[in-house]
Amino acid sequence: MAATNFFIFTRAEASRILDGARAEGRADGALAAAAARSRARAASRAVVLGARRRVYEELRRRVRGEIRALFEGPDAPAHEEALAARARALLGGGALVERAGGGGLVARVPGAELDLSADALTDRALAALGTEVADLWAPR
């Protein structure tokens with residue numbers, strides 16, 4: 001017959017063992033809950049940032065479209081002339097001014113270039129908004 005190991009505990013020892021096991025269970029549960037909360041916060045932050053990025057990209061697309069339209073419509077020559085005058089004021093009267101693909105202009109002098117393309121103007125316009133752009137998605 002095989003030997004059987006029996007453990008005999010007093011009530012106090014059994015109570016101490018159970019209390020320790022409960023404390024370990026609570027600690028393990030608290031760690032698991034904290035990890036789950038952290039994962040949920042990270043996931044929700046990713047969703048919010050993704051939504052903000054989509055809104056910003058849509059705004060950028062629309063602004064770029066509006067700026068490009070300025071260089072395609074009936075007032076395009078006046079807009080181009082105004083930009084060319086600005087470029088020459090900044091770079092000097094000898095600046096070479098050319099049309100940019102997608103609308104706008106690019107001006108060059110030796111050692112310097114001024115990008116007044118629709119894309120560059122869009123980027124500058126949005127950058128000028130600074131943190132005001134965040135108001136687009138701020139709670140009201």
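# Notebook: salt bridges, helix faces and a surface patch

I began at the end of helix 3, where Gly130, just after the helix, takes a positive phi of about 55°. For the entries below, helices (H or I, at least four residues) and strands (E, at least two) are DSSP runs, numbered from the N terminus.

I note that this is a predicted model, in which local features need pLDDT of at least 70 and side-chain atom pairs count only at pLDDT 80 or more, while totals for chains, interfaces and linings use all residues. Residues are numbered from 1 along each chain as its sequence is written, and side-chain values use heavy atoms, with hydrogens and water left out.

**Entry 1: helix 3**

I then looked up burial, where buried means under 20% relative accessible area, exposed over 50%, and partly exposed in between (1.4 Å probe, protein chains only). The buried residues of helix 3 are Ala118, Ala120, Leu121, Thr122 and Leu126. Their cover includes helix 1, helix 2, strand 2 and strand 3.

I took Thr122 from this helix for a separate check. Thr122 counts as buried, at 0% relative accessibility. I listed its contacts (heavy atoms within 4.5 Å). With neighbours within four places in sequence left aside, Thr122 touches Arg60, Val63, Arg64 and Ile67.

**Entry 2: helix 2**

I repeated the span check on helix 2. Its 16 residues should span 22 Å at 1.5 Å a residue, and its end C-alpha atoms are 22 Å apart, in agreement.

Which residues of helix 2 are buried? I found Ala76, Glu80, Leu83, Ala84 and Ala87. Seen down the helix axis, these buried residues fall within an arc of 105°, so they line one face of helix 2; the arc is that of the directions from the helix axis to the C-beta atoms. I recalled that an α-helix has 3.6 residues a turn, so residues three or four places apart point the same way.

On the face turned away from the buried side, helix 2 carries the exposed residues Ala78 and Ala89. The buried residues pack against helix 1, strand 1, strand 2 (104-109), strand 3 (112-117) and helix 3. After helix 2 comes Gly92, with a positive phi near 110°.

**Entry 3: salt bridges**

I used the criterion of a side-chain nitrogen of Lys or Arg within 4 Å of a carboxyl oxygen of Asp or Glu.

Arg99 and Glu80 meet in a salt bridge at 2.9 Å, N to O. Arg99 lies in strand 1 (residues 96-99) and Glu80 in helix 2 (residues 76-91), so this pair ties together parts 19 residues apart in sequence. Arg99 is exposed at 65% relative accessibility, whereas Glu80 is buried at 14%. Leaving aside neighbours within four places in sequence, I found Glu80 in contact with Phe71, Arg99 and Leu105.

The side chains of Asp119 and Arg64 form a salt bridge of 3.1 Å, N to O. This pair links distant parts of the chain, with Asp119 in helix 3 (residues 118-129) and Arg64 in helix 1, 55 residues apart. Asp119 is partly exposed at 30% relative accessible area, whereas Arg64 counts as buried at 18%.

Glu58 forms a salt bridge with Arg62, and their closest N and O atoms are 2.7 Å apart. Both lie in helix 1 (residues 11-70), four residues apart, about one turn of the helix. Glu58 is partly exposed at 28% relative accessible area, and Arg62 is exposed at 53% relative accessibility. Salt bridges that share partners join Glu58, Arg61 and Arg62 into one network.

**Entry 4: a nonpolar patch**

Patches are made of residues with over 30% relative accessible area and no salt bridge, like charges being joined within 9 Å and nonpolar side chains (Val, Leu, Ile, Met, Phe, Trp, Tyr) within 5 Å. Phe7, Phe9 and Ile17 form a nonpolar surface patch with about 360 Å² of accessible area together. Accessible areas come from the Shrake-Rupley method with a 1.4 Å probe, and for residues only the protein chains shown count as cover. I placed Phe9 in the segment before helix 1; at 48% relative accessibility, Phe9 counts as partly exposed.

Terms used: Expected span 1.5 Å × (residues − 1).
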